[in-house]
Structures are given as structure tokens and as C-alpha cells.
Amino acid sequence: MMRRSKARHKNKDENFSLFTDTVDQIKNNLKIILTFVKKTVNLTIMREELLKYRFLNQLLPDSNQRTIVLITGARQTGKTTIAREKYAEMPYYNLDAIEYREGLKTISTFAWGKDIGEAVFDEAQKEPSIFEKIKYCFDEKNINFSVLLGSSQILLIKKIRETLSGRINIYELWPLLLSELFWNKNSKTVTTPLIQELLETDSIDDHFDKIPSIIMGLEKERRIKIQNYYLNWGGMPALISLNANERIKWLKDYEYTYLERDLSDLARLDDLAPFRKFQKLSALRSGNLLNYSEIARDASLSVDSSRRYLEYLALSYQVILLQPYYENLTSSIIKTPKLYWSDIGILRQLSNHWSEYDGRIYETMVVGEIFKTIRTLGMNIECYFYRTRSGMELDLLIKNQHGFIGIEIKKRNKVYHSDITVMKKVASALGKRWLGGIVVYNGDQCKKICDPAIWSIPSYRLFI
């Protein structure tokens, strides 16, 4: 009996132990599930907060209009995201997939309207035959709308000139502008950045007279925080949710992706090493006058190869070639363009410059913001720099329908009268064509420096 009683107690203990283990396991599983749900919810909220407003979204035509849309720009700037959101009801084909390319190739021109119809075609340059088919169906009114996306400008523009000229609206999507970094996608009110208004103005004085000389508190802090982020990492959308180490890795991977994919669309290079060296040397020269002979020598290339490689970088939206103003306003001028990289993060990665930003990076940011604003919004505005052979230089000379705006860029937090010496000479030479001048600087106060209509303004107020 004693043995049976002990056996029963032993079985009860074992059963209780199993039951306890089961309860503990259920509790642990519930904790894991709750943690996962919490992380998922937080991630969803975070992703919503990280989705940024894009000005291009308001410019794109609706799908009920009769046109063909091309959205082009550097890889990873958000072309696919903006197109799939704007045209969510349309079929989407990513021609990076060979199956889509092969499938679309087999569809006859006459069946295109019925079998494919109005759709979004990503990496459209990968299958050139679709351009002719879309053209035919559009002309025959079998389709009224289509969207083409691509990051290889040279192939896209060539095919468009050959087949879709007069039928297509072209839009460029660049890395995030400072103002786009500032606003979230679902922001209730999005204000127009001051730079957009100034680029089209007929009077600098009229605009600056209406704005407060300083801003303070949380608004100022947030603007400066956004600008500091931009000066460190640039405007690639994918970087926002990453930590510092992950951002550096992403930028490094982007460098290789560009070489292997975008560059292969532009040129068939057997050896990428010379181009990679040229790319890095170009990054070190951002903000400088372009000297083909010098960069060719340092890269161990011919001058012709140097010119060709730089053309590849410009056509794939990696660099901006700012042209000199052509009219002699004060004395003999130079005719060499200046080189700027379009994204600060990529510039830092290529030049391995991760320390405090310097004047060269600050100038690259300012020039890039102005250039990209003009191109993003499709403004009929020309952007130059002005430099004489004697060394007088004005960082930017902007020509709109009303006249000229001069811009000088200083990383300092103070502006001195010596900073506007060249600007005043250019203003005098332009006479009635002069609309005003701006010194973009790193200080806090917006104020008039002197006539004719020359003002200083902090960069965090000009672009946000």
C-alpha cells in the first residue's frame, strides 16, 4: 500500500510539474506574441512617421488625363513608392524581372491595349520594345495613360526622343529636399519653402520685408536638427530609419549597386576599377572648378575618358555640372563648369569624409537644394555661377523671367560686408535686371545688409 501511495504521489507531482511547465510555456509564448505585436505596431507607427512628403506627388497628373508620364531620377530616390501610391489602381510591372521582360516582349503591338492596357512600367529602359508599343496604342487611342519609371536617363531620353516625343510629360525625382525631410507624408499643413517663392520673384525686398527677422523655440530647433541630419547623411529616403553604422553600410552598398546596375545601363566597361577611382576623385572635388586634365591625370585616364565618365555621372543623377554665366559683366570670364555631388551622404561615403562638415559640404548642400528645387518643380529658371579670370566669384547667379538674383554662400554664422563685394559689382553691371541678392549663411538672423536689395538669411530658413 505504501508503495502504491508513493507511486500516486509521484504521479501527481509529475502531473503538477507538467501542468506548471505548460502554464509557464504558455505565459512565455504570450509574452513573445505580445512583444512581437507591440514591435509591429511601433514599427508601423514609426514607418508612417518616416514617410516623407514629396512635392512631386502634387505635380503628377491623374490617371484620367490623356498623357504618358515618365518619372526618372537616381536609384533609391523613391520613384517606385511615389508611382505605386499615386497610381495604385494600375497594374505594375517591374522590368528588373526577366520574366516580365520576356512576357512583354511576346505581346504584339496590336494586342497591347487589350492584354496590358494602362500600366506602370518600372525600369522601363530594360525592355526598349515597350516604347514603340505604347506609342502605337496611345496614337490609336487604345490607351490614354501610362507611367514609365527609370534611373538610366540616357537610355530613357533616347527612346523618348525617338518614339514618344510630344506625347510624354517628364518628371525628375531627386533625393529628399530639406523641406521634404521636415514634413511627414500625412502632415495636415505643408508650407511652401521660401526658396521656391524667391526663385520666381520680381523683388527680393518684397519677400523679405514680410517675414520675421528671427524664429525661436522648438521650430528653430527642429529646423536645425533636420539641416544637421542632411549635412551628415544627405537625402536618401532609406537612411531615415537606420542607425549610423547601418547608414554607412547602406551608402557603401549603394556605391557598388550603382556601379553594377546603373553604370552597366550607360556603358559596357570591362574593368570598373578606373571608373571607381574616377568617381572617388570627383567626390573630393565637389564645389570646385572642373579641370578635366587634372582629374584625368590623377585617375590615370585620358582626358576623353575623363569627360565620358563625368557625363555618365551626370546622366545618372550623381553629379550636378553648374555652368558659368556667359555674359561679361565685370571683366573677362571663365568658361569652365563647377562640379557638385547631388547627395551629401553619397559624397561623404565616396570621399570618406565623416568628420564635421566643412565649407565645401555646406556649399554643396546649398547649391544642390536650389538646383534640385528648380528641377523637381519644373521651373523655367536658369542657374549659373559667375567667375572672372581675375578671381572674382559669385557662387550663384539665377535668371528668372524678371531678371537676376545673386547668391553668396558662407558657412560662417556671421556675414561681413566683404562677403558682398562681388555681388555689388554684379548688381551694378546688371542695372535694372538685378532683382536682389542673398547671402546664405549659418547664423540666425534674416536682415537687409545694404542696397541694392541684398539680404542675409540662415539656410535652415531658406530651404524649410
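**Note on aromatic pairs and a helix contact**

1. Tyrosine 384 counts as buried, at 9% relative accessibility, where buried means under 20% relative accessible area, exposed over 50% and partly exposed in between, with a 1.4 Å probe and protein chains only. The model is predicted, so local features need pLDDT of at least 70 and side-chain atom pairs count only at pLDDT 80 or more, while totals for chains, interfaces and linings use all residues. Residues are numbered from 1 along each chain as its sequence is written, and side-chain values use heavy atoms, with hydrogens and water left out.

2. The protein chain has 19 helices and 14 strands, which are DSSP runs numbered from the N terminus (helices H or I, at least four residues; strands E, at least two). Of the 464 residues in the protein chain, buried residues make up 50%.

3. The structure holds 21 aromatic pairs; rings of Phe, Tyr and Trp (its six-membered ring) pair if their centres lie within 6.5 Å, and planes under 30 degrees apart count as stacked, over 60 as edge-to-face and the rest as tilted. One of them is the edge-to-face pair of tyrosine 93 and tyrosine 100, with 5.3 Å centre to centre and 90° between the planes. In this pair tyrosine 93 is buried, with a relative accessible area of 16%, whereas tyrosine 100 is partly exposed, with 36%.

4. The rings of tyrosine 325 and tyrosine 384 have centres 5.3 Å apart and planes at 70°, so this pair is edge-to-face. Because tyrosine 325 lies in the loop between strand S7 (319-324) and strand S8 (338-341), and tyrosine 384 in strand S9 (residues 382-387), the pair ties together parts that are 59 residues apart in sequence. Tyrosine 325 is buried, with a relative accessible area of 2%.

5. Ring pairs also link Tyr258, Phe275, Phe278, Tyr309 and Tyr312 into a cluster.

6. Which helix comes within 6 Å of helix H11 (residues 217-233), axis to axis? The answer is helix H16 (residues 344-351), and the two axes cross at roughly 40°, axes being lines fitted to C-alpha atoms over the stretch in contact, with angles running from 0 to 180 degrees between N-to-C directions. That makes H11 oblique to H16, since angles under 35 degrees count as roughly parallel, over 145 as roughly antiparallel, 65 to 115 as roughly perpendicular and the rest as oblique.

7. In contact (heavy atoms within 4.5 Å), Tyr230, Leu231, Asn232 and Trp233 in H11 meet Ile344, Gly345 and Arg348 in H16.
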